[in-house]
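Please look over the structure below before reading on, and keep it at hand while you work through this briefing. The points that follow are grouped by topic.

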Amino acid sequence: MSKTIRVLFLAAEAAPFVKIGGLGDVAGSLPTALRALSETETGGVKLDVRLVLPLHMVVRTESATLRPVASFNIKRAGKDLNVQIFETRSGELAVYFIAGEPITTSGSVYSANPALDGEKYTFFSLAALEMAKHLDWRPDIIHANDWHTALAAYALQLKHWDGDLRGTKSLLTVHNLPYLGPDLTGRLSAYGLPLAQNDLPEWARAMPLPLGLWSAGKVVAVSPAYADEMLTKEFGAGLEHYLAEHKSSLTGIINGIDTDYFNPATDEGISTNYTLETIKERAWNKTALQTTLGLEVDASVPLFGVVSRMDTQKGIDLVLDALAKLKTDHWQAVILGTGDPTLENRAKRLAEKFPNQLKVEIRYDGRLARKIYAGADIFLMPSRYEPCGLSQMIAMRYGCLPVVSATGGLKDTVRHGETGFVFEGKKAKDFLKAIHDALEIYENKAYWQSLQRNAMAEDFSWKKSAQEYTKLYRSLLLHEGF
Ligand code: GLC
């Protein structure tokens, strides 16, 4: 009989239940991708992965039934705090939701108040571990994600679990290093977690992500390039020396995308489906997008697309500067996203300057996003740093060629001159030059189409990444005979 590795996957958000950013996409698809691996693909083990999420107020469970499966107390400042566990399914995947007072009190998924968030995610991380004692299911691996759940690795390292979780190992995926989480001095001791002697820099000793980095058996960055960048002053968020000293437990695994959901051949949200072979049909989607946005319908004008959080991390300011400075006025563009109000306003002002060329849509709209991937010609993504980035991969899958900065996952997924355009440098002028290069190539239709075909032929499915994660799980459990 083959062995089974049981993985408890912890995240603050996961599609389709609750999705704010890229973490929600990853936590919504990686657990399922892991479960879907055959034993030949895992090298002979089975993976029993289960997801655990906070039961945020905004969680969408209309279509699913939540079954109560456990209720127990944990201690906070000497008093009992009740935890309730509910279970549901997402396809084949078992999903647990944790409810309790700190989760209800905080209201939103990520609060603007760091104290509320600190309380909520400390509670969640500990309750998730404690849950294992109350289910008839002991995880071999605790897979935490970002600062919100990093404390689960810390608690596992610190506490003596009276047999229940002895032997359980931990892995922490870092989706965005600078988000270290709030200082939890005070919170930790209230929950019975002392501050351990550790070799973290003094200022980081009570912060959840650093504590997770200190305690996790393996640390995974969401791309190999970002794993390297994390060791530098520019991207290391003050932890570069610490990480460099512990380099041996750090690796990078690129994220995948949900290639069934993001599939131009079957996507019902776009006007005309197409494949690599029928790429000419793609043009109908450009016409439809121009019509939807109120832009002039013109097949020959290059149409830029941006789908992004409005954030300086994403280089939205660089996009606005570059569009204002293009040396031609033969272009159209659409920017879709929400975020920083200053950037939102700057974008709206630019749209007023170019009313016939630039449309700015300040909202989150998954359907319009797919119409943009399918209808725009060039996808702009000049991120200042990008741990992985998912939209450049989605854009390529739909034949929309990305212009990206040479950082993190962008560098690892876009092949310059073959599937898109990658530029070095940080300034608007570097980006502008890359856009002009792309525009020049765009005029050569046959050549452009060959690049589109290359991009669409890339394999961004989760399988390879899921296999890499499996290897890491196994290496953590080596002594257990996996
Ligand atoms: C964060 C990162 C992004 C990554 C995503 C999923 O949002 O900023 O680069 O793609 O997490 O890992």
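A salt bridge, as the term is used here, is a side-chain nitrogen of Lys or Arg within 4 Å of a carboxyl oxygen of Asp or Glu. With that in mind, note that this is a predicted model, and that a search of the whole structure finds 28 salt bridges. One of them joins the side chains of glutamate 41 and lysine 463, with N and O 2.7 Å apart.

**Salt bridges**

- Glutamate 41 belongs to helix H2 (residues 39–42) and lysine 463 to helix H18 (residues 463–476), so this pair ties together parts that are 422 residues apart in sequence.
- Glutamate 41 counts as partly exposed, at 26% relative accessibility, and lysine 463 is also partly exposed, with a relative accessible area of 41%.
- Lysine 75 and aspartate 80 form a salt bridge in which the closest N and O atoms are 2.7 Å apart, and aspartate 80 is partly exposed, with a relative accessible area of 48%.
- Another salt bridge is made by the side chains of aspartate 317 and arginine 384, at 2.8 Å from N to O.
- Because aspartate 317 lies in helix H11 (residues 316–325) and arginine 384 in the loop between strand E13 (378–381) and helix H14 (391–397), the pair ties together parts that are 67 residues apart in sequence.
- Is aspartate 317 buried or exposed? Aspartate 317 is buried, because its relative accessible area is 13% and buried means under 20%, whereas arginine 384 counts as partly exposed at 32% relative accessibility.

**The ligand and its surroundings**

- How many residues surround the ligand? There are 13 of them, and the closest are His175, Asn255, Glu386, Cys388 and Gly389.
- Sorted by class, this shell has six nonpolar, six polar and one charged residues.
- Both domain 1 (3–256 + 463–480) and domain 2 (279–459) contribute to the shell around the ligand, with at least three residues drawn from each.
- An N or O atom in the side chain of histidine 175 is 2.6 Å from an oxygen atom of the ligand, and a polar side-chain atom of glutamine 313 lies 3.4 Å from an oxygen atom of the ligand.
- In the case of proline 387, a polar backbone atom is 3.4 Å from an oxygen atom of the ligand.
- On its own the ligand has 310 Å² of accessible area, and the protein covers 92% of this.

**Backbone features**

- Alanine 15 and proline 16 are joined by a cis peptide bond, with omega at about 5°.
- Alanine 15 is placed in the loop between strand E1 (3–10) and helix H1 (22–36), and proline 16 lies in the loop between E1 and H1.
- Alanine 15 is partly exposed, with a relative accessible area of 23%, and its C-alpha atom is separated by 9.8 Å from that of valine 59, which is 44 residues apart from alanine 15 along the chain.
- Alanine 77 is a residue other than glycine with a positive phi, near 45°, and its place is in the loop between strand E3 (67–76) and strand E4 (79–90).
- Aspartate 146, although not a glycine, has a positive phi of about 60°, and its place is in helix H5 (residues 146–158).
- In accessibility, alanine 77 counts as exposed at 59%, whereas aspartate 146 counts as buried at 8%.

How values were computed. Residues numbered from 1 in each chain as written. Predicted model: local features only at pLDDT ≥ 70, side-chain atom pairs only at ≥ 80, totals over all residues. Heavy atoms only, no water. Near = heavy atom within 4 Å. Polar contact = N/O pair within 3.5 Å; in protein donor to acceptor, adjacent residues only side chain to side chain. Areas by Shrake-Rupley, 256 points an atom, 1.4 Å probe, with all protein chains shown as cover. Nonpolar A, V, L, I, M, F, W, Y, C, P; charged D, E, K, R; others polar. Domains from an automatic or database assignment. Helix = DSSP H or I, 4+ residues; strand = E, 2+ residues; numbered from the N terminus. Buried < 20%, exposed > 50% of the residue type's maximum accessible area, 1.4 Å probe, protein only.
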